[in-house]
Amino acid sequence: MSINIKTRDQLVGQQVPNVTFHTRVADSWKDVTTDDLFKGKKVVVFALPGAFTPTCSSSHLPRYNELAPAFKENGIDDILCVSVNDTFVMNAWAADEEAHNITMVPDGNGEFTRGMGMEVSDEDIGFGKRSWRYSILVDDGKIVEAFIEPIKEGDPFEVSDADTMLKFVAPNWKPQESIAIFTKPGCPFCAKAKAALKEKGLAYEEIVLGKDASIVSVRAITGKVTAPQVFIGGKYIGGSEDLDAYLAKRA
């Protein structure tokens, strides 16, 4: 790998590159400019080596997508994911990851990446020219802060993550414990449990039985055959009434 990238100090205070991105929306081509993405907005950008690659798919993209509501609550208008991939690949990746909270930016020709001074050569692994992993906070096109991964072997992922950026944007922010809830379609107790979580402002991931998993999974994990079943921060809470009791203790 050949690495010669800009430093944080070289980026902060600079304008983002003036680039036109060729995107595909439904069945039509749509050109999107840098002004479309940044003008008059406060935007977080995270850039990565490639769609569907391990760290990008397991950690980088999913966590930004998960924390998008917290970013918006703290004044961020949009979150952009930039990669040197074409629009078809980026669209397919977004659909596969259900990354509905992220604007995917296909830097297919690498113009934005080169303009940022973040292009690297990954020809040794057959990737060609790609982006180094980094994140930036941009206000009206001007780079306010940059978190650039250290130059070392492998695929470092230490500072460009969503949590680091959100803590910079909102220093008093504290991460919420992860919540998962197994539900069944048409289940009134499931609806009650979800409403209780929403009332407390708690985000959760819903696992719908018959679609995302089966009752076999619930029985194997909890020993139960009913829904809902709730987990918070790695701890099994139980059903709807158990959740009510848990939330009452936290109040």
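User: Why are α7 and α9 called roughly parallel to each other?
Analyst: In this predicted model, helix α7 (residues 188-199) and helix α9 (residues 240-250) pack at an angle of about 15°. Angles run from 0 to 180 degrees between N-to-C directions, and the axes are lines fitted to C-alpha atoms, for helices over the stretch in contact. Under 35 degrees counts as roughly parallel, over 145 as roughly antiparallel, 65 to 115 as roughly perpendicular and the rest as oblique. The two helices are therefore roughly parallel. Their axes are 9 Å apart.

User: What does the model rest on, and how are residues numbered?
Analyst: Residues are numbered from 1 along each chain as its sequence is written. The model is predicted, with local features needing pLDDT of at least 70 and side-chain atom pairs counting only at pLDDT 80 or more, while totals for chains, interfaces and linings use all residues; side-chain values use heavy atoms, with hydrogens and water left out.

User: Which residues of α7 and α9 meet?
Analyst: From α7 come F189, K192, A193, A196 and L197, and from α9 come S240, L243, D244 and L247. Contact here means heavy atoms within 4.5 Å. The residues of this contact divide into six nonpolar, one polar and two charged. In that division Ala, Val, Leu, Ile, Met, Phe, Trp, Tyr, Cys and Pro are nonpolar, Asp, Glu, Lys and Arg are charged, and the others, Gly among them, are polar.

User: Why does E98 count as exposed?
Analyst: Its relative accessibility is 53%. Exposed means over 50% relative accessible area, buried under 20% and partly exposed in between (1.4 Å probe, protein chains only). E98 therefore counts as exposed. It sits in the loop between α4 (87-97) and β5 (103-106), and its phi is near 50°, a positive value in a residue other than glycine. E98 and P62 are 36 residues apart in sequence, with their C-alpha atoms 8.6 Å apart in space.

User: What is the peptide bond from A227 to P228, cis or trans?
Analyst: That bond is cis, with omega near 5°. P228 belongs to the loop between α8 (215-222) and β12 (229-232).

User: Which residues touch the most other members of the largest nonpolar core?
Analyst: They are Y64, F71, I79, W93 and I102, out of 27 residues in that core. Such a core is a set of buried Ala, Val, Leu, Ile, Met, Phe, Trp, Tyr and Cys residues joined through side-chain atoms within 4.5 Å. At least two residues each come from β3 (42-47), α3 (54-73), β4 (78-83), α4 and α6 (162-169). The largest share, seven residues, is that of α3. A second, separate core has 25 residues, including V43, A47, M118 and I143.

User: What does I102 contact, leaving aside its neighbours within four places in sequence?
Analyst: I102 is in contact with F46, L61, Y64, N65, I79, L80 and C81.

User: How many helices and strands does the protein chain have?
Analyst: There are nine helices and 13 strands, where helices (H or I, at least four residues) and strands (E, at least two) are DSSP runs numbered from the N terminus. Of the 251 residues, 45% count as buried.
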